[in-house]
Amino acid sequence: MNMFTQAFSSLGVTLRIMSYNKVGFAGFLMVIFIVLVSFVGPYFVPLDSETKVDQIFQPPSAQYWFGTDHQGRDIFSHIVNGGKDVIIVAVIAATLSTLIAVTFGTFSGFAGGRTDAVIMAITDIMLTIPQLPLLLILASLLQFENIASLGLLLGFLNWPSLLRAVRSQALSLKERDFVEAARALDLGAPHIIFREIVPNMMTYIIISFALAMTGAIYAQVALVLFGLVPFSGSNWGVMLSLAWVRGAIFFKDSIWYIMMPIAAIVLLQLSVVTTTRSLELVFNPRLRSGE
Amino acid sequence: MAHIELQNVSRAFGKGKERVLAVDSVSLAIERGEIRCLVGESGCGKSTTGKIMAGLLKATGGQVLYDNKPIDRLSAEEYREYRHAVQIIHQDPYASLNPVQTIQQIITTPLLHHRKVNGTQEAYRRASELLEIVDLTPAIDFMNKYPHQLSGGQRQRVSVARALTVDPKFIVADEAVSMVDVSIRVSLLNMLMRLKDEFDVTFLFITHDLALAKYFAWQGAISVMYLGRVVEEGPTQRVIADPRHPYTQALLAAVPEADPELTRRKRRIVLRSADIPSLLALPPGCTFHPRCPYFVEGVCDVAPPPLEAVDAGGRVACPIRKDIHMSLLEPA
Amino acid sequence: MSTTEAVFVDRIAATDKPPLSLRNVHISYQSRKGPVQAVRGIDLDLRAGESLSLIGESGSGKTTLGLGIVRLLVKTATLTDGEILYRRDGTEVDVGELDARRLREFRWRECAMVFQSALNSFNPVLRVWNQMYDTAKAHGWSDKRAVRAHVLDLLRFVQLDAERVIDAYPHELSGGMRQRVLIAMSLLLDPQVLILDEPTTALDILTQRTIIDLLRRLKQEQHLTMLFISHDLAIAAELANRIATMYAGRIVEIGSAEDIFYRPRHPYTLGLIRAVPKVTGDFEDLASIPGSPPDLIDLPSGCKFHPRCPFATKKCVEEEPELEAVGVDHAAACWHWQKVEAELAVNPLHQSRARLPEVGASPLDGSVADLSNATTQVGEV
């Protein structure tokens with residue numbers, strides 16, 4: 001019970017700190033909102049899969065809040081139902097690539113010598129391989145059982161540039177006096193890496209996480225546009241690709257069909273990126289001037 | 001038996017053409033309970049020497065002895081003991097504390113890591129004690145603060161408290177008061193003096209400020225370094241009042257004094273050149289010779305002069321001037 | 001006679017009014033937590049041909065004041081009150097009221113500023129010559145040949161190898177050489193007033209000495225009017241005719257160098273002098289000033305120094321003292337300056353065992369730190 005209340009109180013403290021930055025907190029709330037809509041929303045707004053030929057490309061109205069698509073289906077329901085897959089893939093991809101980059105980047109920077117040389121060589125090779133063609137080739141070769149595997153693929157491809165950046169941060173932090181003091185106090189390499197160096201890189205890490213998410217979202221959309229991801233059902237990427245293919249941009253009334261998924265994606269990315277401003281305050285006490 | 005001794009220690013940085021000797025064949029012996037000041041201008045190697053003594057940098061030549069035993073031949077247990085016994089206080093109060101940890105975390109971490117205490121409550125208590133020892137009272141006011149919420153002087157005190165967590169016997173203070181306000185420096189130094197008396201700690205005080213060196217090490221000794229070598233060494237009172245090496249004399253004469261009449265009466269020593277040689281291209285023989293007013297061709301630019309004993313006390317690396325006393329004040 | 005010598009004019013005879021006067025200057029910064037009162041009512045006359053040193057530690061406002069005089073403050077700082085009056089050849093202008101064009105003329109042609117010799121005072125991709133010429137051109141002097149001749153003269157004047165330095169990049173020069181270049185650059189347009197901000201900080205002892213000697217030469221030979229801003233009392237002892245100590249945005253004492261060093265009347269000045277060691281001479285007891293500088297957003301009431309002052313009384317908590325005369329051309333802002341005088345009679349400066357009075361004499365509570373710790377007991381002398 002004690003742990004429970006402790007967890008709650010530290011959650012409360014974290015939220016309070018995040019609220020010091022108004023813009024960031026607004027972004028955070030928007031992220032919560034989008035996540036709720038995408039994961040809980042479908043229970044309230046079932047996917048409209050009924051073809052209504054007489055309702056093709058209707059503009060927004062009281063009945064169809066966002067209008068209808070090329071098959072007369074309600075776009076609003078598609079938007080509500082379409083976020084889940086996109087978000088899951090993005091989170092998995094971002095988490096994986098950030099984890100790889102931070103672990104190996106810090107280790108490489110801290111250890112130096114041959115370990116560093118080997119890890120950097122692998123990273124440089126990965127960096128020189130063109131990302132999109134590689135992605136397309138792998139996507140066409142591999143079977144996607146579920147969205148998680150797509151997330152894993154994207155995560156495995158995204159880490160090189162982040163690793164380089166993390167490593168250079170680790171290299172410079174390594175020289176700082178407080179790290180030398182930790183060495184003098186004989187606190188050991190694991191402590192120094194995880195309790196001294198990494199916490200001082202958190203701002204960079206969370207921003208990289210946010211950007212990795214946005215990168216994963218774009219990659220997904222690209223894959224769907226190329227028809228390499230055999231997703232049934234609806235997600236924002238699929239909506240975009242269908243809208244494109246069906247020529248939605250050429251009709252005045254059907255512009256909603258292509259704009260809504262774009263708006264949803266942009267809104268998600270914007271809120272994730274602005275949330276980082278609040279998260280920065282949590283991880284870097286020096287930025288908190290409001291206390 | 002010396003507490004820590006350096007025998008012909010050198011430290012090189014860089015490779016090939018870029019190789020420099022930051023420390024060049026330095027031999028220093030510091031006794032237990034001694035206060036030794038290492039003075040010199042920037043680039044003379046004093047910080048590097050201090051870090052070599054603390055085991056944070058390895059010597060590339062010569063050997064380091066702790067309690068008469070070479071440190072590269074200590075058992076793992078003894079080596080650990082040596083590393084704990086020698087601690088360092090850094091110069092920059094803004095860089096020496098982890099900015100994302102509270103003072104409590106900073107002090108309790110080594111206590112818990114090395115099992116100096118049983119559990120977090122005792123760690124808190126001991127941390128409070130240490131903060132009080134360094135005059136951060138009441139400790140509770142500081143525990144939950146982050147470093148950026150403290151002043152420079154307070155941060156240095158936290159650094160000292162952190163060093164005390166492992167019960168050190170030898171403290172290297174590397175320009176520890178240089179970045180602190182003038183009016184606070186003395187209280188920091190007095191606090192360090194108290195530590196020395198109460199816990200019998202040996203001190204190596206590295207500084208470029210000769211007046212502070214004189215104050216802090218009045219009962220101790222000074223070693224003067226120039227471009228990686230020790231040029232003069234001796235009891236503080238002797239070195240300050242009766243410097244023998246031309247470089248030491250030039251330094252003492254050059255320091256401005258906070259007293260208009262006194263500063264007007266100081267002897268002006270004019271050096272032959274204002275250029276400071278780069279470590280990449282050291283002059284042959286005595287490295288000070290291009291600037292030395294007593295330069296003798298054929299003697300000073302041939303072989304580096306050894307440190308030789310002087311009657312007045314200590315050693316001087318200048319065969320020409322070591323026995324000549326020079327007053328630093330013009331007659332009133 | 002070189003062009004430089006021809007250009008320097010004997011200024012003392014020309015003016016009897018001070019070239020620079022500050023009247024009730026207030027400067028504030030905007031910060032998230034509220035307005036920071038960095039400078040709170042400075043009245044100062046910089047007399048022709050004199051060197052005045054502003055001494056203060058962090059938070060004293062000295063650098064803000066220096067930047068404020070040439071209006072180089074950041075956007076968040078404003079001159080909220082007061083005037084900065086500049087006079088030359090009988091005309092007087094309020095620097096605070098100058099428009100952009102006149103301000104540019106004022107800066108550098110009338111009043112130049114020498115910053116610390118840090119690399120970031122220079123544009124790293126410009127050679128010294130280019131920076132000098134750019135500065136000259138920006139102030140309306142574009143005759144390349146004349147400027148180059150003048151620059152060479154100035155570099156020689158500051159004892160640099162002019163031909164070599166003029167075409168060098170900043171990173172190729174040592175700290176001492178860069179400081180000399182900055183001094184030469186400040187003299188480029190023959191200003192009447194020179195403001196120097198920590199001119200010798202971060203320099204080595206021997207290099208520092210050469211810069212001090214150069215500045216002394218400037219003072220003695222060219223009769224430039226100079227304002228030194230520093231935390232280093234020793235620099236003031238070397239170069240200043242008059243010294244003003246600043247604390248929490250105000251001048252707390254001002255007088256000749258002899259007055260300040262031998263007859264201080266403000267407890268802060270006294271505390272500073274007692275905290276600075278000398279290298280020549282016997283061992284001296286030193287004492288810190290307890291406490292720390294005040295928070296400029298949330299200043300204490302009355303005299304801002306009272307929480308750290310051994311002479312503080314109830315009056316000090318309630319009313320902030322103004323500068324009052326304590327000697328000939330010597331003023332201090334302290335209600336109890338006579339107590340400081342009496343204290344010095346009992347415990348003269350520059351002796352061992354200097355003791356500060358017992359805290360118990362003051363009706364203040366324990367917020368004044370225990371001063372018995374401030375006295376050292378180091379060794380027997």
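Q: Among contacts in chain C with a separation of 6 or more, what share comes from residues 24 or more positions apart?
A: This is a predicted model, to start with. In chain C, 68% of the contacts with a separation of 6 or more are between residues 24 or more positions apart.

Q: How many helices and strands are in chain C?
A: Chain C has 13 helices and 12 strands.

Q: And what percentage of chain C's residues count as buried?
A: Chain C has 381 residues, and 58% of them count as buried.

Q: OK, on to its contact with chain B. How many residues does each side put in?
A: Chain C gives 43 residues and chain B gives 42. The two chains bury about 3900 Å² between them, with 61% of it on carbon and sulfur atoms.

Q: Which residues of chain C lose the most area to chain B?
A: Ile205(C), Leu206(C) and Val279(C) do. Together they make up 20% of what the chain C side buries.

Q: How many salt bridges are there across that interface?
A: The count for chain C and chain B is 2 salt bridges. One of them pairs Arg268(B) with Glu238(C), whose closest N and O atoms are 3.9 Å apart. There are also 20 residue pairs in polar contact between the two chains.

Q: Which helices of chain C supply at least two residues to that side?
A: Helix 8 (205-222), helix 9 (233-239), helix 10 (257-262) and helix 11 (267-275) of chain C each do. Helix 8 of chain C gives the most, with 8 residues.

Q: Switching to chain A and chain B. How much area is buried there?
A: About 2100 Å² is buried between chain A and chain B, and carbon and sulfur atoms give 55% of it. The contact takes 20 residues from chain A and 25 from chain B.

Q: How many salt bridges does that pair of chains have?
A: There are 2 between chain A and chain B. One of them joins Asp186(A) to Arg80(B), with the closest N and O atoms 3.9 Å apart. Polar contacts between chain A and chain B come to 15 residue pairs.

Q: Which elements of chain A give two or more residues to the side touching chain B?
A: Helix 8 (177-184) and helix 9 (189-197) of chain A. Helix 8 of chain A contributes the most, with 6 residues.

Q: And by class, what does that side of chain A have?
A: It has 8 nonpolar, 3 polar and 9 charged residues.

Q: Which ones are buried?
A: Trp236(A), Gly237(A), Val238(A), Met239(A), Leu240(A), Ser241(A) and Ala243(A).

Q: What covers them?
A: The cover includes helix 2 (22-39), helix 4 (75-111), helix 10 (202-225) and helix 12 (255-283) of chain A.

Q: Which residue with a positive phi follows helix 11 of chain A?
A: Gly247(A) follows that helix, and its phi is near 70°.

Key: Residues numbered from 1 in each chain as written. Chains lettered and ligands numbered in written order. Predicted model: local features only at pLDDT ≥ 70, side-chain atom pairs only at ≥ 80, totals over all residues. Heavy atoms only, no water. Helix = DSSP H or I, 4+ residues; strand = E, 2+ residues; numbered from the N terminus. Buried < 20%, exposed > 50% of the residue type's maximum accessible area, 1.4 Å probe, protein only. Contact = heavy atoms within 4.5 Å. Buried area = accessible area lost by both parts, 1.4 Å probe. Salt bridge = Lys/Arg side-chain N within 4 Å of Asp/Glu carboxyl O. Polar contact = N/O pair within 3.5 Å; in protein donor to acceptor, adjacent residues only side chain to side chain. Nonpolar A, V, L, I, M, F, W, Y, C, P; charged D, E, K, R; others polar.
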